[in-house]
Amino acid sequence: MYIQIVGGRIYTPTGWIDGGSVLVEGKKIKAILNTDLPIEGARQLDARGSYIIPGGIEMHVHGAAGADYMDGTVEAFRTASDYHLQQGTTTIFPTLSTSSYETIMKGIECTEVLMKDDESTVEGLHLEGPYFSVKMAGAQLPELIRPARPEEYTKIMERGDGVIKRWDAAPEIEGALDFGSYIRDRGVVVALAHTEANDKHVRAAWEHGYTLGTHFYNAMKVAHKVGVYKEPGAVETILDMPDFDIEVICDGIHVPPVMVHLAYAVKGRERMALTTDALLYTGTVNFKDPTGHAIVEDGVCKLSDRSALAGSIATMDLLIRTAVQKANIPLIDAIYMCSYTPARIMGIQDTKGALEADHDADILFLDEDLQLRFVMHRGRTVRGAEFWG
């Protein structure tokens with residue numbers, strides 16, 4: 001049986017379709033139609049004046065609803081991912097911060113289980129560390145930061161082949177360039193993060209497989225003086241390299257909206273993805289970190305000593321609203337940067353990130369205020385049952 005979604009403005013990467021419909025068959029989009037005339041045998045779903053858009057893709061997220069992916073249990077993975085699904089993230093790449101070898105192995109095992117679950121949104125694992133600059137650790141645990149040694153990362157990749165989809169490192173530290181080349185050759189997205197890298201380091205990183213700037217602006221250097229001369233930091237160098245992708249935490253706090261707009265003006269929607277970097281506090285009320293490592297204050301997570309930001313409590317729908325309402329980014333581009341751009345970066349654009357035939361039926365409805373009203377994941381309604389009447 002078909003589902004025919006009507007009554008809304010349909011998003012496509014090239015423009016909006018008014019008076020059309022989205023035809024869903026099973027778990028897939030069958031077609032995008034320029035008519036809303038009833039299809040014989042189809043059950044109609046009335047979007048009631050909403051924006052009909054593709055589901056969000058989150059490639060950097062640590063947890064939610066009190067569950068952290070570093071907990072290393074399938075239950076924690078499900079809890080966090082299911083919460084983000086309710087907020088519009090229909091595809092997720094769980095993130096482990098700088099971790100021990102044992103924690104990474106548990107993360108691989110949990111991810112592998114959920115990748116085989118047809119109702120799960122998990123598409124692979126993201127490792128944020130542990131090969132970073134201690135001076136740029138931010139909320140990463142400095143005692144777990146270490147050099148990139150092949151005897152460790154090759155063993156991790158042997159176990160995590162096909163599960164690890166992205167891995168972040170600081171290219172200037174010991175062994176990080178060879179590390180980049182190694183995991184790139186195994187189909188992993190290599191990202192630059194928590195780094196003191198300058199222009200020379202960033203360009204060397206590019207040659208060794210680094211193609212993405214993690215939480216751009218955060219935990220990386222800007223232009224600074226070396227002696228009497230100015231030296232560009234990672235921020236300026238990445239902006240100068242047209243093919244270098246970036247992700248930006250678009251919660252309106254981590255990065256001031258004017259800087260979000262600047263990055264967008266330089267990179268455009270093709271090279272800039274929006275991300276939450278959301279922590280386990282997301283979706284909780286008065287939740288306290290039992291370790292005392294971080295606090296929630298002023299709508300953001302900080303280290304408990306307030307020396308650095310630790311992560312966000314943002315959700316996918318907030319990214320779109322912030323981009324449009326605060327950073328003055330056109331809605332069509334904000335949606336693109338939450339869907340198609342991360343899909344392309346993570347290599348899943350053939351089935352995710354757009355409302356197109358043969359793509360997964362991952363579909364959201366936003367109202368005129370860009371509030372999330374409906375979520376469909378692979379043809380299954382998970383939020384907004386009232387739209388069925």
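This is a predicted model: local features need pLDDT of at least 70, side-chain atom pairs count only at pLDDT 80 or more; totals for chains, interfaces and linings use all residues.

Tutor: Here is a chat about the sheets first, then helices, cysteines and a few loop residues.

Student: OK, sheets. What is the strand order in the open sheet of 8 strands?

Tutor: The order is β8-β11-β12-β13-β14-β15-β18-β19, and the pairing is parallel. Strands here are DSSP runs of E with at least two residues, helices are runs of H or I with at least four, and both are numbered from the N terminus. Two strands pair if DSSP finds at least two bridges between them.

Student: Which strands are at the edges?

Tutor: β8 (56–61) and β19 (272–275), each pairing on one side only. From one strand to the next, the twist averages 25°. Angles like that run from 0 to 180 degrees between N-to-C directions, with axes as lines fitted to C-alpha atoms, for helices over the stretch in contact.

Student: How many bridges hold β18 and β19?

Tutor: 4 bridges, in the parallel sense, with β18 covering residues 245–249. For instance, Ile246 has Met272 of β19 as its bridge partner.

Student: Which helix packs on that sheet?

Tutor: Helix α3 (residues 150–160) does, touching β12 (125–128) and β13 (164–169). Contact means heavy atoms within 4.5 Å. The direction of α3 makes about 160° with that of β13.

Student: And α4, which of its residues are buried?

Tutor: Ala176, Phe179, Gly180, Ser181, Tyr182 and Ile183, in a helix spanning residues 176–184. Buried means under 20% relative accessible area, exposed means over 50%, and partly exposed is in between (1.4 Å probe, protein chains only). Those buried residues pack against α3, β13, β14 (189–192) and β15 (210–213).

Student: There's another open sheet, with 6 strands. What is its order?

Tutor: β3-β2-β7-β23-β24-β25, with mixed pairing. β3 (15–17) and β25 (380–383) each have a single partner strand, so one side of each is left without a neighbour in the sheet.

Student: Where do I see the mix?

Tutor: Look at β7 (residues 51–54): 2 bridges join it to β2 (residues 9–12), running parallel, while 4 bridges join β7 to β23 (residues 363–366), running antiparallel. Tyr51 takes part on both sides, as the bridge partner of Arg9 and of Leu366 in β23. Next along, Ile10 is bridged to Ile52 of β7.

Student: Switching to helices. At what angle do α8 and α9 pack?

Tutor: About 145°, with axes 9 Å apart, for α8 (residues 316–325) and α9 (residues 331–338). The contact is made by Met316, Leu319, Ile320, Ala323 and Val324 of α8 and Leu331, Ala334, Ile335 and Cys338 of α9.

Student: What is the split by type there?

Tutor: 9 nonpolar, no polar and no charged. Nonpolar covers Ala, Val, Leu, Ile, Met, Phe, Trp, Tyr, Cys and Pro, charged covers Asp, Glu, Lys and Arg, and the others, Gly among them, count as polar.

Student: How many disulfides are there in the whole structure?

Tutor: 0, from a search of the whole structure. A disulfide would be a pair of cysteine sulfur atoms within 2.5 Å.

Student: Where is the cis peptide bond?

Tutor: Between Gly129 and Pro130, with omega about 15°. Pro130 lies in the loop between β12 and α3.

Methods: Residues are numbered from 1 along each chain as its sequence is written. Side-chain values use heavy atoms; hydrogens and water are left out.
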